[in-house]
2 protein chains.
Amino acid sequence: MDNLGEIKKNLEREGAEGFLVTNEINIRYISGFTGSDSVLLLTPGNDYLFTDFRYVEQAQQDNPKIKIVEKKTSLLNSICEKIKKLKIKKLLVESFYISIDQFNEIKQKVNNIHMIATKGIIENYRKQKTKDELKKIQKAIEIAEKAYASIQNKIKYGVTEKDIADILEYELRILGAEKSSFDIICAVGKHASKPHAHPATTRVQRGDTVLIDWGSRFQYYNSDLTRLKTMDKISSKFRKIYQIVLDAQSLAIDCIRPGIKAKKIDAVARNYIKKKGFGEFFGHGLGHGIGQEVHEGPYINKKNNEILKEGMVFTVEPGIYIPEWGGVRIEDLVLVTQTGCEVLSKLPKKLSDININ
Amino acid sequence: MDNLGEIKKNLEREGAEGFLVTNEINIRYISGFTGSDSVLLLTPGNDYLFTDFRYVEQAQQDNPKIKIVEKKTSLLNSICEKIKKLKIKKLLVESFYISIDQFNEIKQKVNNIHMIATKGIIENYRKQKTKDELKKIQKAIEIAEKAYASIQNKIKYGVTEKDIADILEYELRILGAEKSSFDIICAVGKHASKPHAHPATTRVQRGDTVLIDWGSRFQYYNSDLTRLKTMDKISSKFRKIYQIVLDAQSLAIDCIRPGIKAKKIDAVARNYIKKKGFGEFFGHGLGHGIGQEVHEGPYINKKNNEILKEGMVFTVEPGIYIPEWGGVRIEDLVLVTQTGCEVLSKLPKKLSDININ
């Protein structure tokens, strides 16, 4: 991993001899290991992956440099033994991802261990994508877009939300995705008022809107997009709201560049929607970073003071959700470039583009 | 939830006024809430679900009795405010599922709070299935079996592991599953030596074995099965190993009844495989409980002293994995009955049943 050297500098900085990585995605980011139920210990010298019988062969193939430790009685026992053997006195841990139980067990089993609860060390490096990561994200977008295009003739009167989600999932996979990035959301009509609706048995009818929020995972990197389809006759209320969301997204995207605060981008979209009278119906943040995790930093919301940097990739997804009426969300992926941003996703989204007759 | 009253008795037992449930599946088990990123607070009176804008409408539909608290600044802030308002002094927390960060923040924000790190309170209730839960598991098995049967003609020379996994995933869904219980494992030939291999581009050829480990999720309940197919000409070594695994499974199943220790069941299969000379190649536990989680208690392994009880449902899945050669695993689901056990999964598995000519 490109950033391993940088990440290990945190050991020196904190005067620690070990960094216990318990978050599965951070483990994969650093080591390339693609299994689960494992823990990584970084030290100034060797790095150790604690895993079980199921993953020993795979772990060595995923990363020939790493020392694999197969657990005997329990993962934590093996870890504690190694900490003692290496005479680690000060250990960095990931405070979001180490449980009270793991923390207490290490404290109990390793005399005089001093654990430092760190926050987001590896997550911070993950925000700015390398060229190789960017290529995988772009491929994940390309697959998602092709799959969406290929199921357009399946979005028709009489099919259910779940029918659409199931066929889209299959198309993503046969086009090369490992799987969906997340459970596909397909919400017909008023179901779309729930931003995270589960696809159900509701059937598409004339006059409905169909909101689809989907993405594909390619070599562990994700995409995340949302588009709506309108089924013939659409209300003027829908047209009005759709255009507001589209304009809010466009205004926000226009402001994205290195050096600007995340919350400033959120404010641009939020203030526009507010000005148009729908402020109370846009309850979530404007966007989120994406990579090996579907939701990761930088978070584009009203609180985040973080300054955007070149190489960050995130969603821009304003929405208006009205209970018992429905919802509109439009979501694209952008890359912060040296001077501004590039919209990575290309599917059409003008009102005139989204109607199915 | 049937067990809510029982679970709340733990409050009285521990002299606590609140139980903070942070594990997503425990939250769903108790409250019926089907979203994510939320926390449940049980008290002797009302129960509170702390969630965000995306899930407010859904949460109320999922459980009209529960009090929904929409987070303002952060989930933990809202929780701490409520703890203070309810004057909770002693709070049960889930030690496996509360992070050091959450623990410390509550401690810091709520003066004199005493948190008790509990282990597996709700998980213990989850082990014995109610009739309603059992019905859902049986449906999840039925869908998995039908889907497997329906793709038999797709397992043929030239197709890849991923082709098989993708079509099986689609069949599960169109037969009524929400999705796969876990990423389907499809391992051709020597790939099966890794118990958790990822489906890749390897193509099925004459003389290959094809191991498939799959399951379906139905109304949040899971199934988990493993079968092998043999492609025409099969080595005598494979026949021998397959029969050993099949016999080990059968011997273990014969011992399952209420009152016996989990580790005793594991020992029966393990000792048989050892006696036949393959002990070193069976590195994982014999089985695991299944329900809303694919892996949950009771764990059937060589360490677990737990006594089996009526209503428990778990896998029985002995295996022999030989690096550079391949692997055999046969996995079925059993229910502990009043006097013995019932094998819930029915797919044929005799050597003569599994060959594709």
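Biologist: In which strand is Pro298(A) found?

Modeller: Pro298(A) sits in β14 (residues 296–300) of chain A. Helices (H or I, at least four residues) and strands (E, at least two) are DSSP runs, numbered from the N terminus. This is a predicted model, where local features need pLDDT of at least 70 and side-chain atom pairs count only at pLDDT 80 or more, while totals for chains, interfaces and linings use all residues. Residues are numbered from 1 along each chain as its sequence is written, with chains lettered from A and ligands numbered from 1 in the order in which they are written.

Biologist: What is the peptide bond from Gly297(A) to Pro298(A) like, cis or trans?

Modeller: The Gly297(A) to Pro298(A) bond is cis, and its omega is near 0°. In chain B, the bond from Gly297(B) to Pro298(B) is cis too, with omega near 0°, and Pro298(B) lies in β14 (residues 296–300) of chain B.

Biologist: Which way does phi go at Tyr220(B), positive or negative?

Modeller: Phi of Tyr220(B) is positive, near 75°, in a residue other than glycine. You will find Tyr220(B) in the loop between β10 (216–218) and β11 (221–222) of chain B. For exposure, count the other C-beta atoms (placed from the backbone) within 10 Å of the residue's own: 20 or more is buried, 12 or fewer is exposed, and in between is partly exposed. Tyr220(B) has 17 such neighbours inside 10 Å, so it counts as partly exposed.

Biologist: And is Glu324(B) buried or exposed?

Modeller: Glu324(B) is exposed, because 7 other C-beta atoms lie within 10 Å. Glu324(B) also has a positive phi, about 70°, although it is not a glycine. Its place is the loop between β16 (319–322) and β17 (326–329) of chain B.

Biologist: Let's turn to strands. Which residues are buried on the two faces of β2(A)?

Modeller: In β2 (residues 39–42) of chain A, Val39(A) and Leu41(A) are buried on one side, and Leu40(A) and Leu42(A) on the other.

Biologist: How do I read its pairing?

Modeller: Strands of a sheet pair through backbone hydrogen bonds, either parallel or antiparallel. Two strands count as paired if DSSP finds at least two bridges between them. Here, β1 (residues 18–21) of chain A pairs with β2(A) in the antiparallel sense over three bridges, and Phe19(A) stands opposite Leu42(A). On β3 (residues 47–51) of chain A, β2(A) has four bridges, again antiparallel, with Leu40(A) opposite Leu49(A). Four residues lie between β2(A) and β3(A), which form a hairpin.

Biologist: In what order do the strands of the four-stranded open sheet of chain B run?

Modeller: The order is β8-β9-β12-β20, and the pairing is mixed. The edges are β8 (185–188) and β20 (355–356) of chain B; each has a single partner strand, so one side of each is left without a neighbour in the sheet. β8(B) runs antiparallel to β9 (residues 209–214) of chain B, joined by four bridges, and Val188(B) has Val210(B) as its bridge partner. Packed on the sheet is α8(B), touching β8 and β9 of chain B, its direction making about 150° with that of β8(B). Contact requires C-beta atoms, placed from the backbone, within 7 Å; axes are lines fitted to C-alpha atoms, for helices over the stretch in contact, with angles from 0 to 180 degrees between N-to-C directions.

Biologist: How many residues does each chain give to the contact between A and B?

Modeller: Chain B gives 32 residues and chain A gives 32 residues. On the side of chain B that touches chain A, α3 (56–62), α5 (100–109) and α8 (161–174) of chain B are the elements giving two or more residues. α8(B) gives the most, with five.

Biologist: Last, a helix. Which residues of α9(A) are buried?

Modeller: They are Ile241(A), Tyr242(A), Ile244(A), Val245(A), Ala248(A), Gln249(A) and Ala252(A). Seen down the axis of α9(A), these buried residues fall within an arc of 160° (taken over the directions from the helix axis to the C-beta atoms), so they line one face of the helix. An α-helix has 3.6 residues a turn, so residues three or four places apart point the same way. The buried residues of α9(A) pack against α10 (262–275), β15 (313–316), β16 (319–322) and β17 (326–329) of chain A. On the other side, Ser236(A), Arg239(A) and Asp254(A) are exposed.

Methods. Contact = placed C-beta atoms within 7 Å.
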